[in-house]
Amino acid sequence: MRGTADRIRHVVSFEIIALSLITPLGAWVFGVPMAEMGAVGAGAALIAAGWNYLFNLGFDHALARWRGSVRKTLGLRVLHAVLFEAGLVAALVPFVAWYLGVGLVEALLMDLALAGFFLVYAFAFNWSYDALFPINETPRPMSAASRG
């Protein structure tokens, strides 16, 4: 299981890299001034950072309980990325609509486009992060309750 300092490094590096990519790309794709896209990106990064920390902590605890390990298979990585993005879309649509002064449908379409980018980005980033900073764990024996 990852410690608090490692989780903070994960969240901060994820958001800094994402913000440096999405601000110019989002401004160009959506025709929004760079300053506004940067502000939306920064606000979204703060929301996402909190969600990232809480979601990954909960996901790892669930994996440890159900499987006795936090190691992720390819299928679990896909599930992780999809669930993370679904929760984030639900949190960000109202923020984007409010800040940019657009309707919820337009904000949802913008957020879905960004979610597509982030789905791939989150998958690649998390896999790379796990390779660069592997979890040092000793497999725990599964309890009778978690075996089914």
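1. Basis. This is a predicted model: local features need pLDDT of at least 70, side-chain atom pairs count only at pLDDT 80 or more, and totals for chains, interfaces and linings use all residues. Residues are numbered from 1 along each chain as its sequence is written, and side-chain values use heavy atoms, with hydrogens and water left out.

2. Overall fold. The chain has four helices and zero strands. Helices (H or I, at least four residues) and strands (E, at least two) are DSSP runs, numbered from the N terminus. The C-alpha trace spans about 55 × 30 × 25 Å along its principal axes. Of the 148 residues, 40% count as buried. Buried means under 20% relative accessible area, exposed over 50%, and partly exposed in between (1.4 Å probe, protein chains only).

3. Contacts along the chain. Take the contacts with a separation of 6 or more: residues 24 or more positions apart account for 71% of them. Contact means heavy atoms within 4.5 Å.

4. Helices α2 and α3. Helix α2 covers residues 34-67 and helix α3 residues 74-100; they pack at an angle of about 150 degrees, with axes 9 Å apart. That makes α2 roughly antiparallel to α3. Angles under 35 degrees count as roughly parallel, over 145 as roughly antiparallel, 65 to 115 as roughly perpendicular and the rest as oblique. Axes are lines fitted to C-alpha atoms, for helices over the stretch in contact, and angles run from 0 to 180 degrees between N-to-C directions. The residues of this contact divide into 19 nonpolar, five polar and two charged. Ala, Val, Leu, Ile, Met, Phe, Trp, Tyr, Cys and Pro count as nonpolar, Asp, Glu, Lys and Arg as charged, and the others, Gly among them, as polar.

5. Helices α1 and α2. The axes of α1 (residues 4-30) and α2 come within 8 Å and cross at roughly 145 degrees. Their contact holds 15 nonpolar, eight polar and three charged residues.

6. Arg77. This residue sits in helix α3. Arg77 is buried, at 13% relative accessible area. Its side chain makes a polar contact with the side chain of Asp130 (2.9 Å). A polar contact is a pair of N or O atoms within 3.5 Å; within protein, one must be able to donate a hydrogen and the other to accept it, and residues adjacent in sequence count only if both atoms are side-chain atoms.

7. Tyr53. Helix α2 holds Tyr53. Tyr53 is partly exposed, at 26%. Leaving aside neighbours within four places in sequence, Tyr53 is in contact with Thr4, Arg7 and Val11.
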